[in-house]
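Colleague: Hi! I'm new to this one, could you walk me through it?
Modeller: Happy to, let's bring it up.

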Amino acid sequence: MSHNHIMPFKTNLTVFLSLVSLTALTVYTAKFVDLGSFNIILAMMIASVKASLVLGWFMHLKGDSNMNKVIIFSSFCFVALLAGICYSDLFFRY
Amino acid sequence: MSTVKVDRRVDHSHHFESMQQEHESGKQGTWLFMATEVMMFGALFTAYFLYRGKYFESWVEGGALLDWKLGALNTVVLLFSSFTMALAVRETQLGHNRKALKYVIFTTVCAFAFLVVKYFEYTGKIHHGLFPSEGMWSYDAQTPQLRLFMVVYFIMTGLHGIHILIGIALMFWLMKRLKNEEFSKDYYTAVEGVGLYWHIVDLIWIYLFPLMYLM
């Protein structure tokens, strides 16, 4: 088969170690560095980097078809739409 | 009338033009399923953020009640299971059914380890009267909406836990098929599909862990 994306062992290991390091960074910044309301934004930013690693490498999306990329990207857009409109209600009601 | 048995390792199903097309179609279906998973959990994450904005003090009180060390341990366990799952897919792609089987077993052991930790967390919460149901709630909350936080906590981690259970069932199915050497370099859609599912379960936990345990 021509579209066989076989990820080398070393790449998989690097992704795994990066994910563990980013978890440690999440715990450290959230528990021991007080950034006020920026803490949750930072945690979500790190989580999104981790999510990109999982999607791009473990799930092979990097070398996958554009169709599959659009499918999963659109689901995140719909969640952002739902969350964004709901959350705006907290600020704009009354 | 007799039907010819198709060897899936070298032949495609009759309604596809090639093995490649069959593989791509199956994978695309799995990605569509993954999109629905993201949207299902997305609705729950929306609930989390909405109530967090509204009842911030309760979210702080609730988050502090959870043991972040157990949460971090489970995060590493899940990340490792994702790693071994990625290796299982890799070995299947190379045509090594037996090696892939070993990695699927590692992944399943991690999945059980995750559930064991979760079991101790849940029973601890129930013991302290933190299960938000009639007759089981007896906790002396400092803020008015702590019970709502626990509802969100149990629904989100509970739904995630159900996904782990389904993942374990799927991996036992894979083990049986790998043991029978049913996959080949050209036919590994099932292993890849379960892999994608398992990574999405991991991806959801990547967001759940900091939001529940650290914020």
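**Cavity and domains**

Modeller: Keep in mind that this is a predicted model. A search of the whole structure turns up one cavity of 30 Å³ or more.

Colleague: Nice. How much space lies in the largest cavity?

Modeller: About 40 Å³.

Colleague: And which residues line the largest cavity?

Modeller: From chain A there are F58(A), M59(A) and H60(A). From chain B come V89(B), E192(B), G195(B), L196(B) and H199(B).

Colleague: Which helix gives the largest share of that lining?

Modeller: Helix α6 of chain B, residues 189-214, which supplies four residues.

Colleague: What about the lining by class?

Modeller: Four residues of the lining are nonpolar, three are polar and one is charged.

Colleague: Okay, new topic. Which domains does the assignment give for chain A?

Modeller: Domain 1 covers 8-63, and domain 2 covers 64-94.

Colleague: How many residues does each domain bring to the contact?

Modeller: Five residues come from domain 1 of chain A and six residues from domain 2 of chain A. The C-alpha centres of these two domains lie 21 Å apart.

Colleague: How much area do the two domains bury between them?

Modeller: About 400 Å², with 65% of it on carbon and sulfur atoms. On the domain 1 side, L55(A), L61(A) and G63(A) lose the most area to domain 2 of chain A, and together they make up 80% of what that side buries.

Notes. Residues numbered from 1 in each chain as written. Chains lettered and ligands numbered in written order. Predicted model: local features only at pLDDT ≥ 70, side-chain atom pairs only at ≥ 80, totals over all residues. Heavy atoms only, no water. 1 Å grid on protein atoms, 1.4 Å probe; cavity = no way out; pocket = protein on both sides within 12 Å on 5 of 7 lines; lining within 4 Å. Points joined across faces, edges and corners; volume = space filled by probe spheres on them. Helix = DSSP H or I, 4+ residues; strand = E, 2+ residues; numbered from the N terminus. Nonpolar A, V, L, I, M, F, W, Y, C, P; charged D, E, K, R; others polar. Domains from an automatic or database assignment. Contact = heavy atoms within 4.5 Å. Buried area = accessible area lost by both parts, 1.4 Å probe.
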